[in-house]
Amino acid sequence: KLEEIHSLIEATDSVLNNSDNKKDLLSIDASGHTHKILYPLGKHALFLKSLVHPSILDILLTTMDNPLEIVPTWEDVLIKLPFCGIPVTFHQDLALQSSKYDIFSIGIYFHTSKHNPVNYLPGSHLLGALTKKQLYEISEARIKEFVPIIAEPGDIIMHKVKTIHYSDTNESPFPRYTWYLEFRTLSQLYDDSPWDKDWILARRAIFAHALRTYQPAYYRELIHDEKILEPYMKQLNLRVPHETENVKYDMESPYNHFAY
């Protein structure tokens, strides 16, 4: 519903304007403008509520290998400001990523993307995990095959994380906010991820807490490991960073497409 999207835009703006969130407002160019909000779930209650919106739950229940093991593993808001929204270069979503499983990324659009769409290379997920060199060679050779995906406010776009995609600089007078979410299962994470059990259960506890608070019927249906999650829910942490003492982004890895 458009009123829900308008409320999420207002929530996003309130996060951007709150100096307490400075450490999670990411900016990488000389303008100093925020281009990404990290870990929004603890910054405004509406994000936590929307994590278990019926539309998202419908997607999870129809695409996840095991809906009884859902863990939210990624949540950030991409901010494309008018006239200066930074480009997002060719990439797969491989940073700290699983290479063994098919993982989906969910993009929830707060604004139309017709002025600054994401461009996808159809079928490129079948190429598997690519080094940065391989990815750029393929992307430049097949640039005419990329397809721009136009989304309207409230639309949800899904892609497999190994799909090559990019977006240009937003030179339009209109903003584009997009909330990206990723979910994996407990089994996938234990089998193929860099994180330990505490990290995984702390993140699952976020999902369980959101269900218990906003979707109690789904909580009873989907959460069967309450006893294991109880200590994590009692000391709930809504900001569980991807980088930990033992897990760091490898800036020298050929599979880190944003490393210089």
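## A first look at this predicted model

Of the 260 residues of the protein, 47% count as buried. Keep in mind as you explore that this is a predicted model. Its secondary structure comes to eight helices and 10 strands. The C-alpha trace spans about 50 × 40 × 35 Å along its principal axes. A compact globule with 260 residues would have a radius of gyration near 18 Å, and the protein agrees with this, having 18 Å. Among the contacts with a separation of 6 or more, 82% are made by residues 24 or more positions apart.

### Helix H1

Which residues of H1 are buried? They are Ile5, Leu8, Ile9, Ala11, Thr12 and Val15. Looking down the axis of H1, you will find these buried residues within an arc of 160°, so they line one face of the helix. An α-helix has 3.6 residues a turn, so residues three or four places apart point the same way. On the face turned away from the buried side, H1 carries the exposed residues Glu3 and Glu10.

The buried residues of H1 pack against the elements in this table.

| Element packed against H1 | Residues |
|---|---|
| Strand E1 | 25–26 |
| Strand E2 | 36–38 |
| Helix H2 | 45–51 |
| Strand E3 | 70–80 |
| Strand E5 | 104–109 |
| Strand E10 | 176–185 |

### A four-stranded sheet

Next comes an open sheet of four strands, with the order E4-E9-E6-E7 and antiparallel pairing. Strand E4 (88–91) and strand E7 (147–149) stand at the edges; each has a single partner strand, so one side of each is left without a neighbour in the sheet. Neighbouring strands of this sheet are turned against each other by 25° on average, direction ignored.

Strands of a sheet pair through backbone hydrogen bonds, either parallel or antiparallel. Here, strand E6 (residues 118–120) pairs with E7 in the antiparallel sense over three bridges. Asn119 has Pro148 of E7 as its bridge partner.

### A residue between two helices

Finally, visit Gln215, in the loop between helix H6 (197–214) and helix H7 (216–222). Is Gln215 buried or exposed? Its relative accessibility is 18%, so Gln215 counts as buried, the cut-off for buried being under 20%. Leaving aside residues up to four places away in sequence, Gln215 touches Val52, Pro54, Leu57 and Ala210.

Note on methods
Residues are numbered from 1 along each chain as its sequence is written. This is a predicted model: local features need pLDDT of at least 70, side-chain atom pairs count only at pLDDT 80 or more; totals for chains, interfaces and linings use all residues. Side-chain values use heavy atoms; hydrogens and water are left out. Two strands pair if DSSP finds at least two bridges between them. Axes are lines fitted to C-alpha atoms, for helices over the stretch in contact, and angles run from 0 to 180 degrees between N-to-C directions. Buried means under 20% relative accessible area, exposed over 50%, partly exposed in between (1.4 Å probe, protein chains only). Contact means heavy atoms within 4.5 Å. The arc is that of the directions from the helix axis to the C-beta atoms. The radius of gyration is taken over C-alpha atoms; the globule rule is 2.2 Å times the number of residues to the power 0.38.
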